[in-house]
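Hi,

Here is the structure I said I would pass on.

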Amino acid sequence: MTTMLRSAPPAQARKSTGVRGRPLLRTSYHQDLALANTPAKRRSVIGLVIASFVVPFLLTDDLLQVLTLGMISAVGAIGLNLVTGYAGQVSLGHAFFIGVGAYTGAVLGGDPDGAMLGYGLPMWIWLPAAGVVAAVAGLIVGPLAVRLRGLYLAIVTLGLVFLGDHVFREAREITGGPGVGRRGAELELFGIDFSSMEPISGLSRGQAQFFLALVFLIIFAILGRNIARSGVGRAFGAVRDRDVAAAVIGVDLTKYKVMAFAMSSFFAGVTGALYYAVIGVFEPGAFSLLLSIQYLAMVLIGGVATISGSIMGALFIALLPRLSQFIAGFVPDGLISVFQLEAILYGLLIMGFLIFEPRGLFGIWTRIRNYWKGWPFSY
Amino acid sequence: MTTFLQSVLNGFAQGSIYALLALGYVMIYKATHVISFAQPALMVCGGLFAYHATSVFELPFWPALIVAIIAGALLGMLVERLALRPMVGKPVFTLAIITIGVDIVLRIFANRYMGPDPRSVPYPGGSNRLEFWGLSISHQRLGLIVVTAVTVAALAMFFRYAKTGLAMRATALNQETALAQGIRVGTMFALAWAIAGGLAAIAGTFVAATGAGMEQNTWIIALKALPAIIIGGLDSIPGAVIGGLAVGLVESITAVYQPDVAPWLGNNFALVAPYALMFLVLLVKPYGLFGTKEVERV
């Protein structure tokens, strides 16, 4: 105690996040809750961001697109993690909110002269609008979560996906209907057209879209992390752990459950609009129960109630088709197709992670980190 | 009036399928407090067992149904033993997600077996129809309604009079107390899954016996039993039957009247009408019509 006081006066401690050589020594809540609360974390995050800005110059365009889509899905996975991981409200309805965002983006930012409804608005309008409209849909669903608990809620949100699927199929002037589909919004920001085939100031299309997705991922990851470490995030945790107890200590259940759904839907809406703008053409069948399960898989495989886990999970799921193609090379011909192998991997991975490593990829990372932290005295 | 009665009759037949599946969900929920999302796969596999028995072993319909029930029950027990028993005591949400994984894996195997062609089970009597009071019903649907009624009655008797049935009810009430009374709780879990697998196999066999047969996307209909159990209440056996029939009725009546009465709802609204009904019921009664209200305490 005395040494701590001598070497780390509180005023100084607030400035740096720890005493040199003792990164885990915290002398205030402020330090404990900091975004990067150890020097190692700060350095590695900066290193990782720099590394990811170098990645596009090392990989080919087709692999870059896989990563781009993975990073965009990561935004949606962070959203699902907010409602399911942090606030504990099981939602199988994520596909519906992604669909709402995708169509809002496509209608507002779509080609005004195209076959479907489109207003040709710029990206800085359609992207936030997609998030806001999806969030409003979340606000409408939220009150259901207040009345229902656990598995009842899971089934009701599953019903939402089916009703949404029906609406998307039938609203032909907006969605093009099944089998036809429509084009997503135009990806043009600050006068740069990210979907043009021409090189953009020396960058190929894949590289430009990668940077776009990376910037959005960083923005939303920091946003998600800040929600999680603020009072709102702590209220979510209290609701998840025991809602009656949370209500007793003064957490307004209605407010925070509705808020969780609205925030998660905002992330989903942004993901929907961006993802399908990058993909190009999409049809209403895309927003089925399978999509919800994919996002749930990202959260579970990545790590429940962690932001970095959501990102790892999303990238992992995005790379899964590539992985199964690779594995299929070793499977004898005719035994199983690549597509079926991929689906089986999904199922087995979800089960395997839940049974053997419930904390997901994040848990594996924590274990590796702790091993080296104690090295050479790790046990 | 005849149109209405006919649609009610068809609704009862379709509702019987949902009731059988819903009973399976409720069995598993009561025993383990988990909603099994693996039920669609069990239904598809059950139908394919019956198909295999009739087309490869060349058994008649009724023996094939028995074979399918036994195989379905074994499959249910296998799933419980391999995927769920190691997870006893974990949060129910985790278990529910595991059943989604089971469902995906099982359905891939079923799809590999099925291929692109629909697989149908021949029903004795073929396309004969029974006509009365200006209504008509196919023998296959009549058989389905009768089989469902017999199954539900048998299950009710089992839970009311059999010693094992009593043990299962005790397990559903409180696992630890049941254990203290000398009941093998693990066996009861396996039995619940076996019953659910058998019920799903009956439903699957009759689905495969309709004109369309069992196809790669037939599994979707098993999910319509989910609104049924929510409407009836997750833990109520009569609720599951009533909910299943209600879902079948709503679907069939919507299919007849919605295109004329409310065309703005779009084509094929009947397919999602059960979910709309579920929302309506939940707005009024959050625990379904017959579900037990959860008591909140700190």
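**What I found**

An unreviewed UniProt entry annotates "transmembrane region" at residues 12-29, 59-79, 91-110, 142-162, 183-208, 228-250 and 262-284 of chain B. UniProt positions are in the numbering used here, feature names are shortened, and annotations may be inferred rather than shown by experiment.

Keep in mind that this is a predicted model: local features need pLDDT of at least 70, side-chain atom pairs count only at pLDDT 80 or more, and totals for chains, interfaces and linings use all residues. Residues are numbered from 1 along each chain as its sequence is written, with chains lettered from A and ligands numbered from 1 in the order in which they are written.

I looked at two of those spans. Residues 59-79 of chain B are 90% helix and 0% strand, with end C-alpha atoms 27 Å apart. For residues 183-208 of chain B, the figures are 92% helix, 0% strand and 38 Å between the end C-alpha atoms. (Helices, H or I of at least four residues, and strands, E of at least two, are DSSP runs numbered from the N terminus.)

On confidence, chain B has an average pLDDT (the predictor's per-residue confidence, from 0 to 100) of 83, and 97% of its residues score at least 70. For the complex, the predictor gives an ipTM of 0.82 and a pTM of 0.85.

As for the contact, 33 residues of chain A meet 33 residues of chain B, counting C-beta atoms, placed from the backbone, within 7 Å. On the chain A side, α8(A) gives the largest share, 12 residues.

Cheers

Conventions: Two residues are in contact if their C-beta atoms, placed from the backbone, lie within 7 Å.
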